[in-house]
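Here's a quick tour for anyone opening this structure for the first time.

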Amino acid sequence: MSIEIPFTKMHGLGNCYVYIDLVSQLIDIPSYSDLAVKAADAHTGIGSDGLILIVPSNRADIMMRIFNKDGSEGKNCGNGLRCVAKYAYEHGLVNRKSFKIETLSGVVDAEVHLKDGQVDLVTIDMGKPVLDRKRIPMKGGDQEKVIDEPISFNDQTFNITAVSMGNPHGLFFVEKIDEAPIHELGPFLADHHPAFPEGLNVGFIEKIANDAIEYRVWERGSGMTQACGTGACAAVAASVLTGRLSMDETNTVHLAGGDLYIKWLSDSQHVLMTGGATTICKGIFYL
Ligand SMILES: N[C@@H](CCC[C@H](N)C(=O)O)C(=O)O
């Protein structure tokens, strides 16, 4: 007999997940990883970049758990946080426009912005970027921070800047975003590289203005996605660290699926992310 699981499919700039509300309903799901893999399959499941659970929290108003397409659990998800905030507000899981969401990497502040009574944009305070090599985590090298550090691939050398936004990101600057070696470096570094014991989300950045970048991503556990919220924050941090963008500016990050607005504050060192969140459909998944 199959288990019936009510779900909502949502996306943040094309980065789509199957969302399951485990605050309003009790469902006995034997394995979240297995469900993520099955639900993500576009032919035999729903089709998504992974699974997001909205669960009760002791430390915040609600908690988000994120599982990638391959069933691995991530510690943070920027696009997921905006969608969880929209869902929570619209479904009465919270009754304020500003509230707290717990993730495996900590508690963040969320604020929904309304337009004609509907959630339009969502701002998440993503906290401080982590630059310490050991906490990325990344092995090798003798500098504490990983900024423009050479890394070899197929007789070529690329310069990596590493930033954790609660999950690990490796950033590479390129002249032309359309020529970024995403299909080569992405799978090489994301899931099995010995320097990255927890894997890596691999991002490419082209600076296009003093307050704007193009950014593309190959996510660990999910492959190419149309957008990555934590990655966009990491990309702005890497661009500031290398002198390409400025702190305290609202920088626009153009992703394949749309734009995010990211500001890295000099006083608190926190990164603020603002962008859209969209509901696609609701249904029942038979596991
Ligand atoms: N798409 C997400 C990040 C999802 C998790 C990531 N693949 C990981 O394993 O760290 C985002 O919007 O941040």
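Let's start with the record: the unreviewed UniProt entry puts the feature "active site" at C77 and C228. Those two are spread over 152 residues of sequence, yet they cluster in space, with a largest C-alpha distance of 7.5 Å. Keep in mind that this is a predicted model.

**Around C77**
- You'll find C77 in the loop between β5 (73–74) and α2 (78–90).
- C77 counts as buried because it has 30 C-beta neighbours inside 10 Å, and the cut-off for that is 20 or more.
- Leaving out residues up to four places away in sequence, C77 touches I52, M64, I66, G229 and T230.

**Around C228**
- C228 sits in the loop between β14 (223–225) and α4 (229–241).
- With 33 other C-beta atoms within 10 Å, C228 is buried too.
- Again not counting residues up to four places away in sequence, its contacts are N15, G78, N79, N201, V217 and E219.

**A cis peptide bond**
- I136 and P137 are joined by a cis peptide bond, with omega at about -5 degrees.
- P137 belongs to the loop between β8 (118–125) and β9 (149–153).

**Positive phi angles**
- N154 isn't a glycine, but it has a positive phi of about 50 degrees.
- D155 isn't a glycine either, and its phi is positive at about 65 degrees.
- N154 lies in the loop between β9 and β10 (156–164), and D155 is in the loop between β9 and β10 as well.
- N154 counts as exposed, with 8 C-beta neighbours inside 10 Å, and D155 counts as exposed with 5.

Methods. Residues numbered from 1 in each chain as written. Predicted model: local features only at pLDDT ≥ 70, side-chain atom pairs only at ≥ 80, totals over all residues. UniProt positions renumbered as here; feature names shortened; annotations may be inferred. Helix = DSSP H or I, 4+ residues; strand = E, 2+ residues; numbered from the N terminus. Buried ≥ 20, exposed ≤ 12 C-beta atoms within 10 Å, placed from the backbone. Contact = placed C-beta atoms within 7 Å.
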